[in-house]
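Q: I'd like to take a close look at the place where the ligand sits. Could you walk me through its surroundings, atom by atom and then element by element?

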Amino acid sequence: MTVKRITWRSLILSCYMTENPSPKPTKKAIVSKQSSFQRISMTDLSSSTLSEDLSVSLAGSNLYVFTVAELRVITQNFSQSNFLGEGGFGPVHKGFIDDKLRPGLKAQPVAVKLLDLDGTQGHREWLTEVIFLGQLRHPHLVKLIGYCCEEEHRLLAYEYMPRGSLENQLFRRYSVSLPWSTRMKIALGAAKGLAFLHEAEKPVIYRDFKASNILLDSDYTAKLSDFGLAKDGPEGDDTHVSTRVMGTHGYAAPEYIMTGHLTAASDVYSFGVVLLELLTGRRSVDKTRPHREQSLAEWARPQLKCPRKLGRIMDPRLEGQYSETGAQKAAQLAYECLSHRPKLRPTMSSVVKTLETLKDYVDIPMVTFVYTAPGESDSNKESVKECDSPPKELKRENGNQNYGNRHHGHRHHRTKSPKSQSVYSETALNQNIKNGLNSPRKA
Ligand SMILES: Nc1ncnc2c1ncn2[C@@H]1O[C@H](COP(=O)(O)OP(=O)(O)O)[C@@H](O)[C@H]1O
Ligand SMILES: [Mg+2]
C-alpha cells in the first residue's frame, strides 16, 4: 500500500513559529480517507517530532486547526461554569461552536482540553493524542475535532460527551446509581474500544485505561478518550514494548510496573480493574478504607469465584437489582483479566465475546427476599464450605482470607484527579518498588 506523503510541517512548524502565533484558521489540517492510508505511528515521527524541522507523512486525519482566541470565545474564556473535569494534562471546559466557525464544521458542543503549563505533561502528550486520536476513528473512541498549537499553548477540541466520565457517573455522591444493564453496556463499549486498538493493523496499547478516561454519550455508549499515554504495540517478533512506567496507581498491571514491559495484556489487567469498579462501586484505590481494602484488585480478586462472597462485595447501591448469573460471569471475567500471569489473561476480543452474552441474562429480581427453608440449610452449608477453600492461586496471591464485607459508604465526588497520583514516572516507580508498589497503601 502506498502512503501518500502529506507534510505536517504546517501543523508542527506553526507550534514553534512564535513570530506567527495565529495560524490561518482556514481549513482542516489534512483531509483524506483513512481507509486508503496506513496510520502514522509515533515511531515514524521519531525525534524529529520535537525538532523544528518536522515533516512527516500523515494520513487519516480530519482535524481543524483552531487559535487560542477562538477556543477562548468558544469556552467563554474557559469559565468555571463550563468546567468539565481535569486530569494530568490540564482542565477541560465545555464550549459551543457555531456553523460559521469553519466551512463544513457543523454547530455542536465541544470539550476543550487546555495544557496546564505548570503541570507535568506537555507537547509530547499533546502530540501523542493528536497523532493517535487524529487517525483512529471508531464508535467507541471519542472523536477529536481539532487542536491548537500556538506558542507554548497546546489545546485539543473533542466531541462533547454529555454524561461525562464513568468516574463521575459511578462515584458521584449525589447521583442515581447506574443500573446493572447500563454498567454492562459501558463495560462492553469500553471493551470494544480497547479490542479495536489491540487489533488494528498497527496495534495500539492504550496504557491508561481507567474510569476517568471512559466517557459516556447520552445513551451511555462508552468511548475511550485521553490518548496522551498511548503507545504503538510491539512490532515484528517483539513480544513487548519497553518503556518508562507511566499510568495510574490501582489500574496498572503489576508486571508492567515491575519490568517496564508493556503489552496489550497490561490494558486487559486495567480493564479487569474497571470491571471490578463497575461490580463493586468501589474506586480502584480508596485511601479512606481499612488498609486491606484500599487496593480494589487485591481485596476483591480472591472473592470473585465464590457466589456467596461475590454477593457481599457487589455494589450495595445496586440494591440486589442485578442478574446473579450475569454478575458471576462478569466476576469470573474480571478474575481472569486480573491474573498476575499476563499470558493467562483473555484477549480483549474474547472479553467482548463474553460481555456480549451477559445481555441475555435477565434474572434480575424485582424484590429481594431471602427465605431459607429448614431443610435447605444443609445444602447451604455445603456451598459455604466450598467457597471457604479458595483455589490455590488465590491463596498464593493473597494470604489474608479474612477480608469481611464492610461497606463504608465513603464516596468522594472529585472532578479533579490529583495529578501526583495519576501519572507516575520511572523515578516514582523505583521508589514504589522499594516501598512495595503493589500495596497501594504504601504507594
Ligand atoms: N469530550 C468530553 N466530554 C465531556 N467531558 C470530558 C470530555 N473530555 C474530558 N472530559 C472530562 O475531563 C476529564 C479529564 O479529561 P482527560 O482527557 O482524561 O484529561 P487528562 O489528559 O488531563 O487526564 C474527564 O475525566 C472528563 O470528566
Ligand atoms: Mg485522563
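How far does a backbone N or O atom of S212 lie from an oxygen atom of ligand 1?

A: A backbone N or O atom of S212 lies 2.7 Å from an oxygen atom of ligand 1. Before going on, please keep in mind that this is a predicted model, in which local features need pLDDT of at least 70 and side-chain atom pairs count only at pLDDT 80 or more, while totals for chains, interfaces and linings use all residues. Residues are numbered from 1 along each chain as its sequence is written, chains are lettered from A and ligands numbered from 1 in the order in which they are written, and side-chain values use heavy atoms, with hydrogens and water left out.

S212 is one of 20 residues around ligand 1, where a residue counts if one of its heavy atoms lies within 4 Å. The ones that come nearest are F89, K113, E159, S212 and D226. From D226, a polar side-chain atom is placed 2.8 Å from an oxygen atom of the ligand. G87 instead brings a backbone N or O atom, at 3.2 Å from an oxygen atom of ligand 1. Ligand 1 would expose 550 Å² if taken alone, and the protein buries 96% of that area (Shrake-Rupley method, 1.4 Å probe).

Which elements build this shell? Those giving two or more residues are β2 (83–86), β4 (108–114) and β6 (153–159); strands here are DSSP runs of E with at least two residues, and helices are H or I runs with at least four. The largest share, 3 residues, comes from β2. Sorted by class, the shell has 8 nonpolar, 8 polar and 4 charged residues, with Gly counted as polar.

On the scale of domains, the shell draws on both domain 1 (8–159) and domain 2 (164–358), so ligand 1 lies between them. The domain bounds come from an automatic or database assignment.

The loop between α3 (68–74) and β2 holds N77, a residue other than glycine whose phi is positive, near 60°. Most residues other than glycine have a negative phi.

Methods
A polar contact is a pair of N or O atoms within 3.5 Å; within protein, one must be able to donate a hydrogen and the other to accept it, and residues adjacent in sequence count only if both atoms are side-chain atoms.
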